[in-house]
Amino acid sequence: MHRVESNHLQPLTRRLRPLAYALVAGAVLVLALTWVAMQTQVTLAGFLNGESLWSKAQKQAVIDLDAYAAQGRRADLESFRSNYAVLTSDRWARDAIASGHYEYDEVEDAFARGGVIPEAIPGMVFIFAHFSGMPYVREAVAEWRSVDSSLVELEDTADRLEHAYETGTMDATAADRERARIEELNRFIEPRAKAFSLDIANGASWLGRVLFFTVTAVALLAALLWVRFARRVLAGIRGTEERYSLLFDSAADAIFMVDEATGAILDANHRAAAWVGCQRGELIGLPLATLFLEGSAHSGVGLLRSANGGTRPVETQSSLVVWGQQQVCQAIVRDISARVAMELERKIAAEALASIAEGVIIADADRRVTTTNAAHQKLTGMPLNMLRNKRLDATRTLPDGRPLPQSLWDEIAAGDNWLGEVESRRADGTVYPELMSISSIRDAEGRPQHYVAVVSDITTRKADRQRLQHMATHDPLTGLVTRSEFERRCAEAITRAAHARGATAVLFVDLDAFKVVNDSYSHATGDALLIRVAERIRALLSPHDVAGRIGGDEFTVLLTDLRSREEALVLAEALLAALSRPFDLGDYELFVSASIGIAGYPLDGNDAVTLIANADAAMYVAKMEERNALRFYTPKMHADARRRLKLAAELRQALQRNEFHLVYQPSVEMKTGRIVAVEALIRWQHPERGMIPPDEFIPIAESLGLIRQIDQWVLQRALEQLRLWDDARLPPLRMAVNVSAGSFSHPDFLAGVGQALLASGIPPKRLLVELTESAILRMGEDTERAMLALHNLGVAVAIDDFGTGYSSLAYLKLPAVAYLKIDRSFVTGLPASGNDVAITEAMVAIARSLGLHTIAEGIETESQHDFLLRAGCQEGQGYLYSRPVSPDDIARLLAPRPGATSGKHLSLVPPRRA
């Protein structure tokens, strides 16, 4: 046991106590004076802040009142009232304090409304109450009081102006007179406000100097007295006690001096008190063992209670010493939190390495394996003892079979991270693709100490990527390549043919009358047919040939390694024969044919796009001339394209030459057979070619950007015709006008509708705008805005061809949508087709639940009429009732002449009644 001689600490404490008391007294005195100075400065800051707000409020009140006198705006009067309230609030508080009879809360609230900072209010009240005669304060208050009557007059002026504007008696002369008076008052107030600001600033400066010199003098006097006293006290303290105290309190560990007999703490250093969370004096007398939650208080590892209620891991060492005449135990307690945390981190790292899903390999500086985790063993089937001391890359190569190059390891050793794909070998000899990431752990000098590799099996990921690539380049319905992929392979075939001085051919295959299959059966049947067609095409091809689907019923075939394009004739004839055989689709046996166009490199084009386009032109000729036939491309086949170009040029002049005219197809009420509406349909009477159907010139008009002019012409002419029928006193009709996607999305469309209605005088409720789903979809986010504008205009909208496009039910909830038109493709199969029946009944039910009016298109038989009537459809159109006819024929239908037995006569089929 080590023995150390030491005096008690109590005498030293008693000798230092007077010095501490003197220090505290001096500090308290300085702090008190400093607090007084701070409060005074806060009060002066409040004065300055209040003066600034008061001056701003006075200036802004004059500006607002002058603006109100000039223009009579209510907002200027309200701004004046708000600023004037600040002035009156401060003035009232000032006068209340001066009177000596006031409630402190009321004065405080008044100064707060005037914008004075809350901390300065008590000081301001004190100065106003007791030091209003202080230099500069007296002059500032006098300047402030001198403008009271002028401010009151400003309020009176505001009241007179408000009364004059409300009663309408304010004229220019009175306004100028009032503004002149306001200016006069401002000239009186402004210099006194500036003098007030100057007095406040001078007072703050004067008082600041007084406080500074006072606090400085007191602090210097206190410091001198304390220094003299401290020298006398400290002169008697022994050097040994100072050194012991310094060592004791500055120790990095907690030190407890414990009575060996009782176990009570006799003293403790600052570190011990800080760790326990109390004052050193509070530790004196406590049993040391009560501070430990676990472990011994004298030796070993344990848990010390900490300040926040938690614990601190510590390690304790004890020794016996003689302290004065008393034998005590000196316990040195060391914080081992960092060591425990490091051990925990190591444990967590080891557990994480063992449980991570990816395989982890750790190798030494020579790249020899030292550690692997369980996931790596599961992935490769190789336990650690099989891999230990083997090189990290012994079982891995690059995807092409080459070993990992030395340059890769040099980059990793330099600090870079490598990530790439490798081929890895399992314990059973099988290989699999692996994604591998390698990094290095380097020492302080930058030399690699260990290599860490993280690996994962990417077999499934590669298969998914290949599947996605296949989906991107192949048609999901038929499995044939898409247009872009076909063009890419065609370009590669042309390059090979150019090098080999050979030929390549492209066959463009188009099914004849495929639309009839979709319209007569269903799209599902059409899809099934396309799948069978693709199977027959694929069955005739060699492994090097390519088949693609580039449109709805359009297929392409690429033949390579040919000597001339004529060699493609054999396959083309085989395709015609194969596609002309019946297709068994379960419930149906369908007969279709195909038209084939052939173009070859190098005769018909030098690139893929040209070959496909020329084969398409040849197919078009085959379809137009014969069908179920094939044609080789010739330059003459572009004559039809030139004819379409000529038609486009003539279309630009058709409106000017008045070559368009309208026909009207009636829409009848199905219960009564009464004509309730007509649909305006455009026709082109070409001076040389005769009647050109809309299907031929409307797409050209859309491509040329003429469709908006045509739609506007149709709208104006239809409304003019409706006005003519009204003038002839015919029954009122609803006029339906088709609007293209280009017109509906144009910014001037709504203005054009309004102008046409205004010019014709037709009520908006008699106009029905028919829009296809594609037109609505093209508008995007502006759809609801355009629909709302039509609704506000009073114009209703019909969704045309519903169910054939995007078919979003959200369209049916748009403003202005009041009609739903059932497309003829669903009506044609009624009532025999179960699919068409279900779709039609669903549409009618949806429309009824949403309050929409239903109109069926393409009604040609009485059975269709009867079914739709029973289903609840309100209106119908079709050849059963009437074809599109001229305006005169519509007039005869609405008002037939009695006794007429000759001439053209149109009649409607009345609904069958029970």
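Mentor: Two strands pair if DSSP finds at least two bridges between them. Keep that rule in hand for this predicted model, where local features need pLDDT of at least 70, side-chain atom pairs count only at pLDDT 80 or more, and totals for chains, interfaces and linings use all residues. Residues are numbered from 1 along each chain as its sequence is written, and side-chain values use heavy atoms, with hydrogens and water left out.

Trainee: How do you know that β1 and β2 pair?

Mentor: Three bridges join β1 (residues 254-259) to β2 (residues 265-268). The rule asks for at least two, so they pair. The two strands run antiparallel. F256 faces A268 of β2.

Trainee: What sits between β1 and β2 in their hairpin?

Mentor: Five residues, and G263 takes a positive phi near 80 degrees there.

Trainee: What makes β8 and β9 edge strands?

Mentor: Start with the sheet. It is open, holds six strands in the order β8-β7-β12-β11-β10-β9, and pairs antiparallel. β8 and β9 (396-397) each pair on one side only, and that puts them at the edges.

Trainee: Which bridges join β7 to β8?

Mentor: Three bridges link β7 (residues 359-364) to β8, and the strands run antiparallel. I362 stands opposite T371, and A363 stands opposite V369. Their hairpin has four residues between the strands, with R367 at a positive phi near 65 degrees.

Trainee: How do you know that β7 also pairs with β12?

Mentor: Six bridges join β7 to β12 in antiparallel fashion. At least two would do, so this is a pair. I362 finds its bridge partner in V452 of β12.

Trainee: Which helices touch this sheet, and how are they angled?

Mentor: Helix α14 (residues 406-413) packs on β10 (418-425), β11 (431-442) and β12 (448-457), its direction at about 40 degrees to that of β11. Helix α15 (residues 459-473) lies across β10, β11 and β12, at about 120 degrees to β11. Such angles run from 0 to 180 degrees between N-to-C directions, and axes are lines fitted to C-alpha atoms, for helices over the stretch in contact.

Trainee: Why is N373 called buried?

Mentor: Its relative accessibility is 3%. Buried means under 20%, exposed over 50%, partly exposed in between (1.4 Å probe, protein chains only). So N373 is buried. N373 lies in the loop between β8 (369-372) and α12 (374-380). Its C-alpha is 6.3 Å from that of G359, 14 residues apart along the chain. Across the chain, 43% of the 914 residues are buried.

Trainee: What is the order of the five-strand sheet?

Mentor: It is an open sheet in the order β14-β15-β13-β18-β19, with mixed pairing. β14 (546-549) and β19 (630-632) are its edges, each pairing on one side only. The twist averages 20 degrees from one strand to the next. Eight bridges join β13 (residues 503-511) to β18 (residues 594-601), which run antiparallel. V506 has A599 of β18 as bridge partner.

Trainee: Which strands do α16 and α20 lie across?

Mentor: α16 lies across β13, β14, β15 (554-562) and β18, at about 20 degrees to β15. α20 lies across β13, β18 and β19, at about 145 degrees to β18.

Trainee: What makes α16 roughly perpendicular to α20?

Mentor: The axes of α16 (residues 483-500) and α20 (residues 608-625) come within 8 Å and cross at roughly 110 degrees. Under 35 counts as roughly parallel, over 145 as roughly antiparallel, 65 to 115 as roughly perpendicular, the rest as oblique. Therefore α16 is roughly perpendicular to α20. The crossing is right-handed.

Trainee: Which residues make the contact of α16 with α20?

Mentor: Contact means heavy atoms within 4.5 Å. R483, F486, E487, C490, A491 and I494 of α16 meet A608, V609, L611 and I612 of α20. They divide into eight nonpolar, no polar and two charged.

Note on methods:
A crossing is left-handed if the near helix is turned anticlockwise from the far one by less than a right angle, and right-handed if clockwise. Ala, Val, Leu, Ile, Met, Phe, Trp, Tyr, Cys and Pro count as nonpolar, Asp, Glu, Lys and Arg as charged, and the others, Gly among them, as polar.
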